[in-house]
Amino acid sequence: MKKIIITGFLMLTSTPVFAESDLLNKQQCGETKIGIGNALAVADCLFKEIEKNNKIQQTEEERQSNEDELYLGAIAFSQIAANYSTVYDVWCKD
């Protein structure tokens, strides 16, 4: 049992040595950066639509429904941008 634990520990600690050090190449890093910008642009557009939605004449129920949908989309795209920014930061450092 002791040999299995030691072997397992050695395998777990040595795996990063054999792993590929660059997950993304320069082209993929560039595409990731562009994708982050696009996701942020969509989120910004949705936040601006929320402001426009509040100026449109509609019932309170319709306004709230539209606002909720727009907020969900804006938050989703903001989260996508944040997640890909983390990937970019980890794998695409210069």
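The side chain of T32 lies 2.8 Å from the backbone oxygen of Q28. T32 belongs to helix α2, which spans residues 26–55, in what is a predicted model.

**Surroundings of T32**
- T32 has a relative accessible area of 13% and is therefore buried, the cut-off for this class being under 20%.
- Apart from neighbours within four places in sequence, T32 is in contact with L24, Y84 and Y88.
- One of these contacts, Y84, is also a member of the nonpolar surface patch.

**Salt bridges within helix α2**
- The model holds four salt bridges in total.
- D44 pairs with K48, their closest N and O atoms being 3.2 Å apart.
- Both D44 and K48 lie in helix α2, with a spacing of four residues, or about one turn of the helix.
- D44 is partly exposed at 39% relative accessibility, and K48 is likewise partly exposed at 47%.
- E49 forms a salt bridge with K52, with 3.5 Å between the closest N and O atoms.
- E49 and K52 are also both in helix α2, three residues apart, which is about one turn of the helix.
- E49, with a relative accessible area of 30%, counts as partly exposed, as does K52 at 49%.

- E60 and R63 form a salt bridge in which the closest N and O atoms are 2.5 Å apart.
- These two residues both lie in helix α3, three residues apart, about one turn of the helix.
- A network of salt bridges links E60, R63 and E67.
- R63 is buried, because its relative accessibility is 17%.
- E67 is found in helix α3, which covers residues 60–91, and counts as buried because its relative accessibility is 13%.
- Not counting residues up to four places away in sequence, E67 touches I50, N53 and N54.

**Nonpolar surface patch**

How values were computed. Residues are numbered from 1 along each chain as its sequence is written. This is a predicted model: local features need pLDDT of at least 70, side-chain atom pairs count only at pLDDT 80 or more; totals for chains, interfaces and linings use all residues. Side-chain values use heavy atoms; hydrogens and water are left out. Buried means under 20% relative accessible area, exposed over 50%, partly exposed in between (1.4 Å probe, protein chains only). Contact means heavy atoms within 4.5 Å. A polar contact is a pair of N or O atoms within 3.5 Å; within protein, one must be able to donate a hydrogen and the other to accept it, and residues adjacent in sequence count only if both atoms are side-chain atoms. Patches are made of residues with over 30% relative accessible area and no salt bridge: like charges are joined within 9 Å, nonpolar side chains (Val, Leu, Ile, Met, Phe, Trp, Tyr) within 5 Å. Accessible areas come from the Shrake-Rupley method with a 1.4 Å probe; for residues, only the protein chains shown count as cover. A salt bridge is a side-chain nitrogen of Lys or Arg within 4 Å of a carboxyl oxygen of Asp or Glu.
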